[in-house]
Amino acid sequence: MRRERRRTLPLAGVLALVGALALFDVGLTAGAATAAETASSAPLRAGKATSACTANFLVHKNGTYMNLAAGHCGTVGATVTLGGAAVGTVQVSAFSKGTDAAAFTVADGASLAPSVFVSSTLVRPVVGQGTAAVGDKVCMRGAASAKEVCGTVRSVGASLTYLNTAMSGLVRVTLEGGPLISGDSGAPVYKVGADGSAYAVGIAVLSDGTFTSISAALSATGTALVTKPGGATPNNPAPEQSPTPTPTPTPTPAALKSRPAAVKITAPSGTPNDPTSLGLPATITVPTDRGDKQLPVTWEIGSVTYDPASPTEQTVTYRGVVQLPEDVANPSNLPLDVEATVTVLAAHAEQPPATAAVPPPPAAEPVPATKSSGSPLAMPLAAAGVALVLCCAATGIVMLRRRGLI
């Protein structure tokens, strides 16, 4: 009997099939993450913590899968890690050209997932690209703050100067659950669809929720957004968009008069490398045409070389960005970055110098008492005795004269 030969799929075909299945999560609606998935574990999703701050949306360029990020979080050539494992390398950054966006390649074998990690129980699939208009509600998920916060768009096409670089194509937001914190830069900004899916609209770059529009980021990095199959297209935005409300008149904001002044701080040896421990101010005084105002500052810590374990004196410079509230404007486009020079003292310099023991003041020497042979009444009694003797002598003389004896 002739044995029938079984046909098998070549190994390369199996790997390609597995890769294709790993690329897209099943389903088009929001669902739960796997039980073991965390904000720093595979697969790579938008909203997870990487060495380049928070991962943004999955994109591709000339057939190569890449991930967007905030431009100020990584320089070209830098290795990007997720949970300590290398996942790619920064290939393009548009930060120096005025767009706060970058893109890093995804290493071979890394999981690719066009989705937003919100929590271990919620993942939002990215099904399309949307636009942001004044009055729209948008949400964002920063890895450091570890939560989804939402807000309302209040201006589009804004230009700001921070970290010594003029930026354009920014969208300003009034956050309802913010602010974002250091490490949230790069957070995916999205609209939530009726089924819980996400429509990409930007890259968060400042703590007040200001973000680079997705169209500006894609254009500056030369990439295209990757979405779930069957999702919306740029011309088919998220359903159930809220109508744009009629803007209400707002008071004229105060105008900045000059850029923030530098800060100088001294800290003890061994101080942890975080803004609170180092004494970096949460707010800073900035002059406006309506007087000085205290404005919040976001400090960048990760790029500073400082070793808390070193016993020697260290001087390091931290950079921060002043956040403008709605009642403060920057019509002259003044730089909003501020520098803080922190001097961390050497270990021995913290010990107070030895203080020599100071002897107690000498006791006051007693005034020597006047020497006398008797009691305090001796002198008066002696004088009285002398007077009595003299009186008796005089009386005796008188009597003797009367008797003719003298």
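Modeller: Before we start, a residue is called buried when its relative accessible area is under 20%, exposed when it is over 50%, and partly exposed in between, with a 1.4 Å probe and protein chains only. This is a predicted model, in which local features need pLDDT of at least 70 and side-chain atom pairs count only at pLDDT 80 or more, while totals for chains, interfaces and linings use all residues. Residues are numbered from 1 along each chain as its sequence is written, and side-chain values use heavy atoms, with hydrogens and water left out.

Colleague: Why is Asp208 called buried?

Modeller: Asp208 has a relative accessible area of 14%, and because the limit for buried is under 20%, Asp208 counts as buried.

Colleague: What makes the pair of Arg172 and Asp208 a salt bridge?

Modeller: A salt bridge requires a side-chain nitrogen of Lys or Arg within 4 Å of a carboxyl oxygen of Asp or Glu. The closest N and O atoms of Arg172 and Asp208 are 2.8 Å apart, and the pair therefore meets that requirement. The two residues are 36 residues apart, with Arg172 in strand 13 and Asp208 in the loop between strand 15 (198-204) and strand 16 (211-213); helices (H or I, at least four residues) and strands (E, at least two) are DSSP runs, numbered from the N terminus. Arg172 is also buried, because its relative accessibility is 8%.

Colleague: Why is Asn62 called exposed?

Modeller: The relative accessibility of Asn62 is 77%, and because the limit for exposed is over 50%, Asn62 counts as exposed. Asn62 lies in the loop between strand 4 (58-61) and strand 5 (64-69), and its phi is near 55 degrees, a positive value in a residue other than glycine.

Colleague: Is Leu163 buried or exposed, and what makes it so?

Modeller: Leu163 is buried, because its relative accessible area is 18%. Leu163 sits in the loop between strand 12 (147-162) and strand 13 (165-175), and its phi, near 50 degrees, is a positive value in a residue other than glycine.
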